[in-house]
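Subject: Handover of a structure and notes on what was found

Dear colleague,

Please find below the structure that I am handing over to you. My notes follow it, and I would be grateful if you read them with the structure open.

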Amino acid sequence: MIKSFLLVLLFFNASFSIAQKKSTAWYNHTLLDVKNLESSVDFYTKVFQADTIQYPFAPSPQYIVKWLKFDEGIELHLSQWVTDTTKIISDVPSAPKYVGFVHLGFMVISMDAFLKRLMEVSSDYKSGKYKHPIIDRMPNGAKSIEIKDPDGNEIHVIEAMPANGSTNR
């Protein structure tokens with residue numbers, strides 16, 4: 001009886017929290033085609049501390065896929081083409097003037113801690129392939145940097161502001 005009551009309570013709690021959302025849609029994931037799935041998974045799991053999650057579909061003969069999950073259930077899906085490498089446009093630099101430009105945004109608690117981890121775990125930053133990011137400020141005063149993943153996709157990293165609105169970070 002107690003188990004049934006707890007299951008019903010859990011169901012209503014989950015239903016209530018879904019019903020409390022302000023919109024009928026919310027963001028779930030982004031998919032990036034990458035040149036080297038292994039190095040991209042390594043980058044996102046080490047630098048952003050993402051967790052790999054199970055890919056729920058049958059394997060494809062055309063591509064290999066890894067799904068990553070961040071806090072709040074946001075996912076990043078990475079795929080590498082196996083049979084048709086022409087789908088990878090390696091000659092187009094990551095820049096806003098190109099259609100398909102990718103810019104991912106991440107929030108971090110501490111920019112200093114994040115930069116330290118980036119320099120320790122990213123082979124592209126350790127080797128000097130990419131320069132040490134320069135800290136800039138958002139209009140609200142939050143610290144901000146631009147970095148690149150192994151495929152050159154731009155990532156905007158913003159330090160979360162303290163709850164009281166202070167810009168002393």
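Predicted model: local features only at pLDDT ≥ 70, side-chain atom pairs only at ≥ 80, totals over all residues.

Which residue in β4 is the bridge partner of Tyr63? The partner is Trp81.

Overview

The chain has 169 residues, and 31% of them are buried. The chain holds 4 helices and 8 strands. Followed along the sequence, these elements come in the pattern α-β-α-β-β-β-β-α-α-β-β-β. The accessible surface of the chain amounts to about 11700 Å², and carbon and sulfur atoms account for 58% of this surface. Of the contacts between residues at least 6 apart in sequence, 51% join residues that are at least 24 apart.

The four-stranded sheet

An open sheet is formed by 4 strands in the order β1-β4-β3-β2, with mixed pairing. The edges are taken by β1 (29–33) and β2 (51–53); each has a single partner strand, so one side of each is left without a neighbour in the sheet. On average, neighbouring strands of this sheet are turned by 30 degrees against each other, direction ignored.

Strand β3 (residues 63–69) and strand β4 (residues 75–81) run antiparallel and are joined by 7 bridges.

Pro56 lies in the loop between β2 and β3. Its relative accessible area is 52%, and with the cut-off for exposed residues set at over 50%, Pro56 is therefore exposed. Between Pro56 and Trp67 there are 9.4 Å in space, C-alpha to C-alpha, and the two are 11 residues apart in sequence.

Helix α3 and its surroundings

Which residues of helix α3 (residues 111–121) are buried? They are Met111, Phe114, Leu115 and Leu118. Viewed down the axis of α3, these buried residues fall within an arc of 95 degrees, so they line one face of the helix. In general, an α-helix has 3.6 residues a turn, so residues three or four places apart point the same way. The buried residues of α3 pack against α2 (37–47), β5 (103–108), α4 (123–126), β7 (143–148) and β8 (154–159).

Helix α4 contains Asp124. Is Asp124 buried or exposed? With a relative accessibility of 13%, Asp124 counts as buried, because buried means under 20%. Neighbours within four places in sequence left aside, Asp124 is in contact with Lys129, Tyr130, Asp149 and Pro150.

Aromatic pairs

How many aromatic pairs does a search of the whole structure find? The search finds 11. One of them is the tilted pair of Phe48 and Phe114, at 5.3 Å centre to centre with 35 degrees between the planes. This pair links distant parts of the chain, since Phe48 is in the loop between α2 and β2 and Phe114 is in helix α3, 66 residues apart. Phe48 counts as buried at 10% relative accessibility, and Phe114 is buried with a relative accessible area of 2%.

Another aromatic pair, formed by Phe70 and Phe106, is edge-to-face: the centres are 5.1 Å apart and the planes are at 65 degrees. This pair also links distant parts of the chain, with Phe70 in the loop between β3 and β4 and Phe106 in strand β5, 36 residues apart. Phe70 counts as buried at 13% relative accessibility, and Phe106 is buried with a relative accessible area of 14%.

Both pairs belong to one aromatic cluster, which is made up of Phe43, Tyr44, Phe48, Phe70, Phe106 and Phe114.

With kind regards

Notes: Residues numbered from 1 in each chain as written. Heavy atoms only, no water. Helix = DSSP H or I, 4+ residues; strand = E, 2+ residues; numbered from the N terminus. Buried < 20%, exposed > 50% of the residue type's maximum accessible area, 1.4 Å probe, protein only. Contact = heavy atoms within 4.5 Å. Areas by Shrake-Rupley, 256 points an atom, 1.4 Å probe, with all protein chains shown as cover. Pairing = 2+ DSSP bridges. Axes fitted to C-alpha atoms, helices over the stretch in contact; angles between N-to-C directions. Arc of directions from axis to C-beta. Phe/Tyr/Trp six-rings, centres within 6.5 Å; stacked < 30°, edge-to-face > 60°.
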